[in-house]
Amino acid sequence: MTAVDDTLRTEAHADGPVLEAAGVTMRFGGLTAVNNVAMTVRQGEILGLIGPNGAGKTTFFNCLTGLYKPTEGRVRLLGNDLPPKPRAVVMAGMARTFQNIRLFGNMTALENVMVGRYCRTSSMALTSILRGPKFRREERETRARAQELLDFVGLGKSSEHLARNMPYGDQRRLEIARALATDPKLLLLDEPTAGMNPRETQQASDLIFRIRDSGLAVVVIEHDMRFIFNLCDRVLCLVNGEVLVEGTPNEVQSDPRVIEAYIGSAADDEEGDE
Amino acid sequence: MSTSTDIDTGYADEADQVSIWDRIGRPVAPFAWPLVLGGAVILAAGCFLSWSYTSDVLGNLSIDFYPGAIQNLMIIAAILAVLFALMYRGPLSRLGEWLASATALRTLGLGSTVFMALVIALIGLQSGGLINVMPGAWVSLVGAVLLLVGAAGLTPRASRDPLHAHLPAWLDILTIVVLLATVLFGAAYVLDIEDGTVFSLVVLFTGLVAYTLTRAGFFTWVGIVAQTHRRVLMLGAVAVAFLFPFTQDGSDANMSIATQVLIFASTALGLNIVVGLAGLLDLGYIAFLGAGAYIGAMFSHSAFATIGWKPNFLVVVVIGALVSATLGLIIGSPTLRVSGDYLAIVTLAFGEIFRLAMGNLDGQDGPKLTNGPNGIPAIPDLEIGGFSFGETHEVLGITLGRFANYYFLLLLLAAFIITVFTRLNDSRIGRGWIAIREDEKAAEAMGVNTFGLKLFAFAGGAFLAGMAGTIKAHHDVSVTPDQYIFLESAFLLAAVVLGGMGTVAGVLIGATILKLMPEKLRFVADYRLLIFGLLLVLMMRFRPEGIVASKRRQLEFHEEDEELADRVEEVHLVEEQEAKA
């Protein structure tokens, strides 16, 4: 896919893992939300992160993306240590979406994606005020790239619509487009199908496959087991902030400990009896 | 289509008033239209008769067939009423499809009646009794009441959305020209009014007409036209601003007010970058203007200037701007990491520290830079390239005095600040600022350099204020600490909030209102804190986005209003189409 061409530059790194997190621990006072979690994401793979509510999945995501500074542990992206600053993480090539959609509601879809291009463009004050050829070229390229990404996620026709006016499913896809605009090597999706109907879920699935096919690695947090087991190459199950099981969808699906974790800790969880 | 029209003409919030209008209007409904026309004619006719027995009330309203200022206003109202009536039914009915004529007539009828009642009460008060009110005034009041009752009898119809009115370009441009010409002559006219009461009445009337046209949906259309012909509007506005001194015929009194308005407006525009674009609350902004002014004074040829080096004025402007920007960086870098309220308090304190520091750098408590509370007086007029700002010049037979000279210089400065403002707003940096205002965490997680952008807004705003300050020093002749008190910061902020955060036009209007009113009206000057305070409270309650709303800001202030969001989107889509065409 041309939309994510730039990411192919990572081919130089083809052999090493995209992301290596080791011993990541996050304590809030006396509460250990994430305890000694290790995770490796390889090139072009889709990794699923599952676990009952409160297992620490989103906290772990926040540790990876610099929103939290992990109490212990290290995170390496493409062989480089990641500083715990959201902006530095994005610059290094890891982008995310949010569990509760956090779009810029009063901006149009196109503008939202253009904000994602911020860290890959460089026009500063003087350039912006003088409006030289460099500024115009960069604005044009930013706009074109944003439109390209909107087309890629299937929102090409809604580019001038306000984000807050868009249907829920479109907002989720817009968030993905905005994250892709930062030219990531690794995309973290926090519950990308929450609140979606089966058709939208299927579309989300297709979209994630297409993103993977364009050369990115993807990590997905999800509660929808059917979705996760269809989508992922590997699945990691977190329980009480620790890695319970790691393996192929089949291994994880049939692991008695996973079933117990779901039924035992959240008996009313409808997914638990799968 | 019909839903959007509803929003546009404000029927939604009128729903509970409908019954009152209906109750008045139902009995007269069959002959409502002739009643409106008749009322308008009677209203106008009354204006040609004498209104007052004595000639010293509200200008001079005592001469038959020689309408005074107030009477002219009511004639304008009557003409507007006739136009709207002919749109409702008659030769202008095609225009009436687009404008909500009945709604406009109701507003105009109510406004004219209140206005006439007010005028009669004022004549009675000022000349010692209603006995001195002449029949003409009563005739006009009757006309206004007939207009009101007649308008109540008309049925408001859903008009077509002016958004989809595609008129030939020359008509669009003609509208812009007419509006700008109205602004130019209106400003010249208003500034010439000596009588405070007449001035207030003119301001009131201007508000009434503006509100009527808004209700008719006229300004929705003007907004689209302004957007599609941005260049024409800009050139026109520059031309109007440039021509203004030529309407004053050498009178320094009005030009002095105009220059003060321009200094205030330029500073407010700089503050608007900080407040309106970056969304930071700065309560000490006047300190940056003060820093520029002190630099301008210290490097001037004044005998009291404390620095021996006398560089070219343009160099002084740059130094003043840089010093201000440096202060902005110093105060901003430790504080911009904390959220809004803390920043407000820190900036407030900074403003006070600046004032106190300037009052103490007198050679006893610190280096001798500012002469302490005495300040730096006797700053000579500017001289740039042999052009002396202190002398009067003759251009095309029209005398341009000292203030007119400064006016042109300040106009250049304002144009510069407006260019910086609009270009930054429409750039990568501007998008970053919006993202920060919307959701700072998300912006940071998307790779936006939130701290850097906020610091830049802060220092950039300070830079522009510093530039304005260096000119202000020469304009004011002296610089003292007590010119840069907290209240001035508050007024600057009030101008931004009142006019409309994030817009140029709004801040220009806000600054003009806040600066012009106290100059023209003694009672406003005495009670200006009370009046502006009330004004701000009312604005916050009824229109938090300001007089001229930036669409984005309007959306931010009304997160729950989905109709508004749909409307803004619709307008945006039409504008995109127009821009492409």
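Two residues are taken to be in contact if their C-beta atoms, placed from the backbone, lie within 7 Å. The structure is a predicted model, in which local features need pLDDT of at least 70 and side-chain atom pairs count only at pLDDT 80 or more, while totals for chains, interfaces and linings use all residues. Residues are numbered from 1 along each chain as its sequence is written, and chains are lettered from A and ligands numbered from 1 in the order in which they are written.

Chain A contains 10 helices and 10 strands; helices (H or I, at least four residues) and strands (E, at least two) are DSSP runs, numbered from the N terminus. The radius of gyration, taken over C-alpha atoms, is compared with the globule rule, 2.2 Å times the number of residues to the power 0.38. For the 274 residues of chain A, a compact globule would have a value near 19 Å, and the 19 Å of chain A agrees. Along the principal axes, the C-alpha atoms of chain A fill a box of roughly 65 × 40 × 35 Å. Among contacts in chain A between residues at least 6 apart in sequence, 69% join residues at least 24 apart.

Chain B comprises 26 helices and 4 strands. Its radius of gyration is 26 Å, close to the 25 Å that the globule rule gives for 581 residues, so chain B is as compact as a globular protein of that length. The C-alpha trace of chain B spans about 80 × 60 × 45 Å along its principal axes.

Within chain A, 6 strands form an open sheet of mixed pairing, in the order S6-S7-S8-S3-S9-S10; two strands pair if DSSP finds at least two bridges between them. Strand S6 (94-96) and strand S10 (242-247) of chain A stand at the edges with a single partner strand each, so one side of each is left without a neighbour in the sheet. From one strand to the next, the twist averages 20 degrees. Helix H7 (residues 198-213) of chain A packs on this sheet, touching strands S3 (46-50), S7 (186-190) and S8 (217-221), and its direction makes about 150 degrees with that of S8(A). Axes are lines fitted to C-alpha atoms, for helices over the stretch in contact, and angles run from 0 to 180 degrees between N-to-C directions. Strand S9 (residues 234-239) of chain A pairs with S10(A) in the antiparallel sense over 5 bridges, and A:Val239 stands opposite A:Glu242 in S10(A).

Another set of pairings involves strand S1 (residues 19-28) of chain A, which is joined to strand S2 (residues 31-41) of chain A by 7 bridges in an antiparallel arrangement. The bridge partner of A:Ala21 in S2(A) is A:Met39. The hairpin of S1(A) and S2(A) has 2 residues between the strands, and A:Gly29 takes a positive phi near 60 degrees there. S1(A) also runs antiparallel to strand S4 (residues 72-77) of chain A, with 5 bridges.

A residue is buried if 20 or more other C-beta atoms lie within 10 Å of its own, exposed if 12 or fewer, and partly exposed in between, with C-beta atoms placed from the backbone. A nonpolar core is a set of buried Ala, Val, Leu, Ile, Met, Phe, Trp, Tyr and Cys residues joined through C-beta atoms within 7 Å. The largest such core has 185 residues, and those with the most contacts inside it are A:Ala177, A:Leu186, A:Val220 and B:Ala495. Leaving aside neighbours within four places in sequence, A:Ala177 is in contact with A:Val113, A:Leu149, A:Leu150, A:Phe152, A:Val153 and A:Leu155.
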